[in-house]
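User: Hi! I'd like to learn how to read a structure like this one, feature by feature. Could you walk me through it?

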Amino acid sequence: SAKNTIGYDWKEFDMNSFSWTVKDSNYYFIRNFKDDIYKLKFIEWDGSQTGNFVLDKWLVSLSSVNERHVLPLSLNIFPNPASDRFTIRSQEDLEGNVILTISDQTGRQIYRNQFRGKDLNYGINLENLNLKHGLYILNIKGNNYLGSAKLLIQ
């Protein structure tokens, strides 16, 4: 309810143009009385005479929604650089199914397949994917984990 709770450093007075400017790199996170979290970005400030300001507001988190925590996943790829065959292995024990995607440097998906997490624990051998020479990004996504690694094809 108080306009000065966030503070004043989100705006500056420019003596050259004799007008207010708003810092475009400042974001503020607030929690309302229901424990919902909002992200605020100030866009405009008319000045202290009117007190009018414009802001963008995004709902970041609802208090009634449970957030899923994603664990980072460490991957080993060997050999790397590779030619037409390589192995991917997880350093963590995985359960359930995982999705493996391979993308080129432009982000275009080249390969996608589903595997059992157990298979990734022991190593998945891939070959004959007809990958051209270059750098590729491998992504593994499971129920509560996510990992990526780079692969160089020579």
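Analyst: Happy to. Let's begin with a term: helices (H or I, at least four residues) and strands (E, at least two) are DSSP runs, numbered from the N terminus. With that naming, Asn 130 lies in the loop between S11 and S12. Do keep in mind that this is a predicted model, where local features need pLDDT of at least 70, side-chain atom pairs count only at pLDDT 80 or more, and totals for chains, interfaces and linings use all residues. Residues are numbered from 1 along each chain as its sequence is written, and side-chain values use heavy atoms, with hydrogens and water left out.

User: Is Asn 130 buried or exposed?

Analyst: Buried means under 20% relative accessible area, exposed over 50%, and partly exposed in between (1.4 Å probe, protein chains only). Asn 130 has 72% relative accessibility, so it counts as exposed. Asn 128, found in the loop between S11 and S12, counts as exposed because its relative accessibility is 54%.

User: What is the phi of Asn 128, and what is that of Asn 130?

Analyst: For Asn 128, phi is near 55°, a positive value in a residue other than glycine. Asn 130 is not a glycine, yet its phi is positive too, at about 55°.

User: How do I read a nonpolar core, and how many residues does the largest have?

Analyst: In soluble globular proteins, nonpolar side chains tend to be buried together. A nonpolar core here is a set of buried Ala, Val, Leu, Ile, Met, Phe, Trp, Tyr and Cys residues joined through side-chain atoms within 4.5 Å. The largest has 23 residues, and those with the most contacts inside it are Phe 86, Ile 88, Leu 100, Leu 120, Leu 126, Leu 138 and Leu 151. Among the elements giving two or more residues to this core are strand S8 (85–90), strand S9 (97–103) and strand S13 (145–153). S13 gives the most, with four residues.

User: Which residues does Leu 100 touch?

Analyst: Contact means heavy atoms within 4.5 Å. Not counting residues up to four places away in sequence, Leu 100 touches Ile 88, Tyr 111, Arg 112, Asn 113, Phe 115, Leu 126, Leu 138, Asn 139 and Ile 140. Apart from this core lies another, of five residues, among them Tyr 28, Leu 40, Phe 42 and Trp 45.

User: How many strands form the open sheet with S3?

Analyst: Two strands pair if DSSP finds at least two bridges between them. Three strands form the open sheet, in the order S3-S4-S5, with antiparallel pairing. Strand S3 (28–31) and S5 stand at the edges, each with a single partner strand, so one side of each is left without a neighbour in the sheet. Strand S4 (residues 37–45) and S5 pair over eight bridges, and Leu 40 stands opposite Lys 57 in S5.

User: Where is Asp 56 found?

Analyst: Asp 56 is found in strand S5 (residues 53–61). It counts as partly exposed because its relative accessibility is 34%. Asp 56 and Lys 41 are 15 residues apart along the chain, and their C-alpha atoms are separated by 5.2 Å.
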